[in-house]
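This report looks at a few local features of one protein chain. Keep the sequence and the structure open while reading.

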Amino acid sequence: MKIKLSLSVSALLLSFSVTAQTDDSAAIRKIVNDIMNNAKAYDNLRYLCKKIGPRLSGSSNAQKAVEATARMLKEAGADTVYLQPCMVPHWIRGEKETGYVQLAGAAKHPLKLCALGNSYGTGKKGVSAAVVEVNNMKQLDELGLANVLKGKIVFLNFAMNQTYIEVFNAYGESGVARWGAPTVCAKYGAVAAMVRSLSINPDDYPHTGVTSYNDSFPKIPAVAISTNDADWLSSQLKRKMKLTAFLQTNCQMLPDAPSFNVVGEIKGSEFASEIITVGGHLDSWDLAEGAQDDGAGVVQSIEVIRAIRASGIKPKRTIHAVMFMNEENGGRGGSKYLELAKKNKEQHLFALETDAGGFTPRGFALQMNDQQFEKVLRWKPLFYQYGVYNFSRGGAGADVGHLYELGTALAGLAPDTQRYFDIHHAATDVFENVSRRELHLGAANMAALIYLVDKYGL
Ligand SMILES: [Zn+2]
């Protein structure tokens with residue numbers, strides 16, 4: 001009897017969950033269809049890329065993007081749109097950089113190069129020195145301790161590992177060449193750092209990105225050169241060719257500038273004090289239009305607001321679509337969002353970031369406790385028909401990552417990454433390299449996850 005009873009209870013529970021899944025499947029299908037047919041994300045991205053362009057923190061274009069996305073959020077149907085003031089680093093590239101390699105007794109080989117973000121310039125005179133190639137951090141220390149790097153330009157040739165199928169892992173491993181190694185070169189007396197671009201493709205474009213300094217050591221100039229130039233230079237050095245390099249960069253760090261996060265809000269109907277955030281970053285590097293990084297994430301987040309409105313859903317919880325400022329070279333927008341959340345004693349239930357490009361969505365990286373993780377996994381089958389299977393633990397993103405200290409459950413949209421680093425931080429990150437369909441499919445899956453978290457909590 002007892003067994004029979006518990007069997008019928010579980011049958012009842014099962015039928016509940018099957019009904020819920022059917023309802024949810026239909027509701028999600030409605031949202032997805034609306035986005036695939038009526039989304040404004042692609043048109044909004046065209047505006048950000050073509051009418052505004054590069055949006056480096058502190059620039060007048062970044063301010064134009066603040067105003068434009070505030071307007072887009074209103075048009076999308078947000079109840080209220082407001083700005084969160086924050087001070088941001090104001091780095092400028094100045095006049096275009098130049099550089100070349102001089103082989104003894106041969107013509108100069110001009111380099112495709114750019115200064116790294118936040119780096120110090122060489123000044124008008126430039127820097128000229130012999131070049132030493134280094135392939136990893138261990139070798140950098142060995143050569144540094146042997147006093148081989150003093151007075152040299154250090155060529156940090158940390159090629160991204162082609163065998164890693166998840167390209168973000170290759171970026172994470174080789175990225176230290178850009179964000180950590182230049183200051184170690186300075187520690188060992190080098191006069192400049194020349195970094196192989198963090199592209200996994202052979203190409204002629206320098207890929208910029210942020211570097212950092214340690215106040216205990218001199219602040220030496222740091223540049224990126226294209227992967228093709230890096231391969232050529234490495235081959236010359238392997239042939240023991242006698243050579244020097246010349247670099248001239250004009251960048252400088254100006255005093256911090258005022259800027260803003262942009263927040264579009266839909267007030268919750270039942271649990272208004274519980275906040276669900278969806279966001280991307282509004283700033284971009286200066287060499288291109290910041291289309292995939294992260295114009296795509298910005299317009300996808302705005303699209304979630306539009307789709308919720310268009311589908312007639314009344315969220316129980318409060319939804320924030322946030323355009324974070326300064327992810328690329330300071331992260332000030334993300335830390336301001338956390339600071340205000342603490343100050344205003346806000347309750348942040350969940351935050352979803354999209355900053356890995358607007359490519360075909362494959363899944364979500366989930367940064368949350370076991371109980372929440374199990375709950376999200378139960379929703380997984382609802383996503384299969386949209387080609388989204390990969391629900392695994394991982395870092396959600398740099399902007400929403402700040403909320404982790406509040407105990408907020410975090411997620412990051414995980415699109416296909418095979419082509420992201422071909423264009424990441426390079427002149428090729430333009431609107432033409434974004435697929436309308438892939439962009440909208442990403443937004444559709446984000447909206448589906450937000451719908452489920454809002455309906456069931458976490
Ligand atoms: Zn980004």
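S174 has a relative accessible area of 3%, so it is buried, the cut-off being under 20%. The model is a predicted one. S174 belongs to helix α5. Leaving aside neighbours within four places in sequence, its contacts are F158, A159, M160, N161 and L198.

Helix α5 spans residues 167–174, and its buried residues are V167, A170, Y171 and S174. Seen down the axis of α5, these buried residues fall within an arc of 100 degrees, so they line one face of the helix. An α-helix has 3.6 residues a turn, so residues three or four places apart point the same way. The buried residues of α5 pack against α6 (176–179) and α12 (420–423).

Is I35 buried or exposed? With a relative accessible area of 0%, I35 is buried. Its place is in helix α1, which covers residues 2–38.

Not counting residues up to four places away in sequence, I35 touches E303, R306, A307, H440, A443, A444 and A447. I35 and R437 are 402 residues apart in sequence, yet their C-alpha atoms are 10.0 Å apart in space.

## Where α11 meets α13

Helix α11 (residues 370–379) and helix α13 (residues 436–456) have axes that come within 11 Å and cross at roughly 120 degrees. That angle makes α11 oblique to α13. The crossing of the two helices, α11 and α13, is right-handed.

Which residues of α11 and α13 make the contact? On the α11 side they are K375, V376 and W379, and on the α13 side L449, L452, V453 and Y456. By class, the contact of α11 with α13 has 6 nonpolar residues, 1 charged residue and no polar ones.

## Backbone exceptions

Most residues other than glycine have a negative phi, and most peptide bonds are trans.

N326 is not a glycine, but its phi is positive, near 75 degrees. N326 sits in the loop between β12 (317–324) and α10 (332–343), and at 0% relative accessibility it counts as buried. H425, also not a glycine, has a positive phi of about 65 degrees. H425 is in the loop between α12 and α13, and its relative accessibility of 6% means that it counts as buried.

The peptide bond from D293 to D294 is cis, with omega near 0 degrees. D294 lies in helix α9, residues 291–310.

Methods
Residues numbered from 1 in each chain as written. Predicted model: local features only at pLDDT ≥ 70, side-chain atom pairs only at ≥ 80, totals over all residues. Heavy atoms only, no water. Axes fitted to C-alpha atoms, helices over the stretch in contact; angles between N-to-C directions. Helix = DSSP H or I, 4+ residues; strand = E, 2+ residues; numbered from the N terminus. Parallel < 35°, antiparallel > 145°, perpendicular 65-115°, else oblique. Left-handed = near helix turned anticlockwise from the far one by under 90°. Contact = heavy atoms within 4.5 Å. Nonpolar A, V, L, I, M, F, W, Y, C, P; charged D, E, K, R; others polar. Buried < 20%, exposed > 50% of the residue type's maximum accessible area, 1.4 Å probe, protein only. Arc of directions from axis to C-beta.
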